[in-house]
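Okay, thanks for coming, everyone. Let me put the structure up, and then I'll talk through a few spots in it.

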Amino acid sequence: MRKLAVVGAQWGDEGKGKVVNYFSENFEWIVRFSGGANAGHTIFVEDKKYVNHLLPSINPRSCSKGFLGAGMVIDVEQLIDELETLEADFPGISSRFYLDPEAFIVLPWHKEEDLFIEEMRKVPIGTTGKGIGPSYTDKVSREGLKLYVLFDESLLKERLEALYHMKRMKYNRDFTLSFGEMTTYLNGLKTKLERLSVNFTSAVDMFRVFRSTSILFEGAQGVLLDLDFGTYPFVTSGACMAHGVSSVGFSTFELDNVYGVLKAYTTRVGSGPFPTEEFSEVGNLVRERGKEYGATTGRARRVGWLDLPALRYARIRSGLTGFVITKGDVLNGLDEVKVCVAYDVEGAVKEMPSTSYDFFKARPIYETVSGWPSTDHINFLKYMTFIERETGVEIDYISYGPRTEEMKTRNDLIMNI
Ligand code: IMP
């Protein structure tokens with residue numbers, strides 16, 4: 001049965017939610033394998049917009065089910081909000097979501113910590129403030145709380161107490177919620193989760209089911225924000241590449257395809273290198289037209305031209321087998337479009353950064369191509385062909401609007417020209 005991973009090929013916000021939602025009808029399971037509520041995946045069902053931060057982008061009108069894997073860090077309060085929003089329009093939908101009890105919990109302490117650590121940093125990362133870094137830090141330092149502790153009163157007390165002790169020792173400060181208040185808070189969330197009849201099932205128990213069914217793995221953020229291979233330290237703390245499927249018990253060799261979603265231009269939120277960033281009026285125009293404001297934080301995104309060296313790097317790092325291009329329509333009407341074809345790294349021309357450190361030193365080398373009046377125009381096809389030739393990856397699908405149905409294949413495009 002088919003296994004497809006969809007990951008962001010840039011710095012996130014490429015439109016993965018919509019792309020996943022488009023494909024979701026053909027898959028029985030949609031699986032999130034990493035990240036947390038730092039993600040913001042927007043889907044439309046008819047005319048209504050839903051922004052999910054934690055829930056996999058299942059199509060509520062289909063029968064597909066969603067799985068939240070062990071590699072995730074889950075803000076349970078946020079999860080309940082999302083479930084309740086969907087429940088209001090699609091009663092019973094919560095029972096189509098499954099949580100791996102091995103996933104970690106993001107506590108209000110983590111969110112508080114995220115904010116004050118950012119203030120302490122000489123160069124802030126520009127995090128989303130959703131507690132992602134601190135909860136992954138606790139996971140790695142073996143202080144974290146996994147979802148299963150919610151269902152064992154004495155274990156919950158023991159783990160929370162130990163964590164609270166560590167945090168107060170580490171920072172020599174109090175947190176808004178005391179240990180006792182946090183216990184009450186979590187117990188309240190547990191009761192709500194039980195009422196919503198969401199399922200708790202580990203990837204181990206799902207082994208047989210998952211092997212005999214179709215799965216769409218929904219990546220979060222983008223390859224260049226990956227903890228290991230993104231532009232460290234200006235990255236998120238989770239896995240943004242297809243290798244993250246290992247937290248759900250899969251190897252990348254089991255994937256039939258890995259689609260990288262790429263925006264026809266580039267955006268990034270927060271600090272960190274961005275070789276093709278455009279500070280001119282064109283950059284502002286694209287930001288406004290493309291509504292480039294964070295789905296999670298509302299922050300204005302930084303905007304720039306398409307960056308082929310970064311895409312080549314993403315392709316190799318994440319084993320991309322195909323691209324889905326989004327938002328080409330945002331550039332409609334521009335006379336010319338610039339594309340970065342190589343970097344100048346301290347005087348050496350590089351087609352692709354060798355390490356993530358090269359991004360910090362890269363100066364873009366541009367080529368200019370003709371613009372297009374619409375994404376049905378030959379010039380857009382030429383733009384796509386240029387990207388394909390330069391990256392060695394075919395663009396199989398074109399998204400030309402926010403709605404799920406606004407998607408065509410490469411062949412549709414050719415037939416329309
Ligand atoms: P964190 O994931 O909140 O720790 O943020 C670390 C960096 O990743 C910051 O620059 C964020 O703006 C960025 N980031 C995190 N999640 C997303 C996302 O879903 N889209 C785009 N950028 C993100």
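Predicted model: local features only at pLDDT ≥ 70, side-chain atom pairs only at ≥ 80, totals over all residues.

Two packed helices are described by the angle between their axes and the distance between the axes. Start with α5, residues 153-171, and α6, residues 179-196. Their axes come within 10 Å and cross at roughly 135 degrees. As for handedness, α5 passes α6 in a right-handed crossing.

Who's touching whom there? On the α5 side you've got Leu156, Lys157, Leu160, Glu161 and Tyr164, and on the α6 side Phe179, Met182, Thr183, Leu186 and Asn187. Sort those by class and you get six nonpolar, two polar and two charged residues.

Next pair: α9, which is residues 308-318, against α11. Here the angle is about 55 degrees and the axes are 10 Å apart. So α9 and α11 are oblique to each other too, and their crossing is right-handed. From α9, the contact takes in Leu308, Leu311, Arg312 and Arg315, and these meet Phe386, Ile387, Glu390 and Thr391 in α11. By class that contact comes out as four nonpolar, one polar and three charged.

How does the span of its 14 residues agree with what you'd expect at 1.5 Å a residue? The helix covers 378-391 and should span 20 Å, and the end C-alpha atoms are 20 Å apart, so the two agree. Its buried residues are Asn379, Phe380, Leu381, Tyr383, Met384, Phe386, Ile387, Glu388 and Thr391. Note that Phe386, Ile387 and Thr391 from that buried list also turn up in the contact with α9. Just after the helix, Gly392 takes a positive phi of about 75 degrees.

Now over to α4, residues 132-140. Ile132, Pro134, Ser135, Tyr136 and Asp138 are buried in that helix. What do they pack against? The partners are β6 at 73-74, β8 at 104-105, α3 at 108-120, and our friend α5.

That brings me to the backbone geometry. Most residues other than glycine have a negative phi, and most peptide bonds are trans. Following α4 comes Arg142, with a positive phi near 70 degrees. Arg142 sits in the loop between α4 and α5, and at 69% relative accessibility it counts as exposed.

Gln221 has a positive phi as well, near 55 degrees. Is Gln221 buried or exposed? Its relative accessibility is 10%, so it counts as buried. And Gln221 isn't in a loop; its place is in strand β10.

Last one: the peptide bond joining Tyr232 and Pro233 is cis, with omega about 10 degrees. Pro233 is in the loop between β10, residues 215-222, and β11, residues 257-263.

That's my tour, so over to you for questions.

Terms used. Residues numbered from 1 in each chain as written. Heavy atoms only, no water. Axes fitted to C-alpha atoms, helices over the stretch in contact; angles between N-to-C directions. Helix = DSSP H or I, 4+ residues; strand = E, 2+ residues; numbered from the N terminus. Left-handed = near helix turned anticlockwise from the far one by under 90°. Contact = heavy atoms within 4.5 Å. Nonpolar A, V, L, I, M, F, W, Y, C, P; charged D, E, K, R; others polar. Expected span 1.5 Å × (residues − 1). Buried < 20%, exposed > 50% of the residue type's maximum accessible area, 1.4 Å probe, protein only. Parallel < 35°, antiparallel > 145°, perpendicular 65-115°, else oblique.
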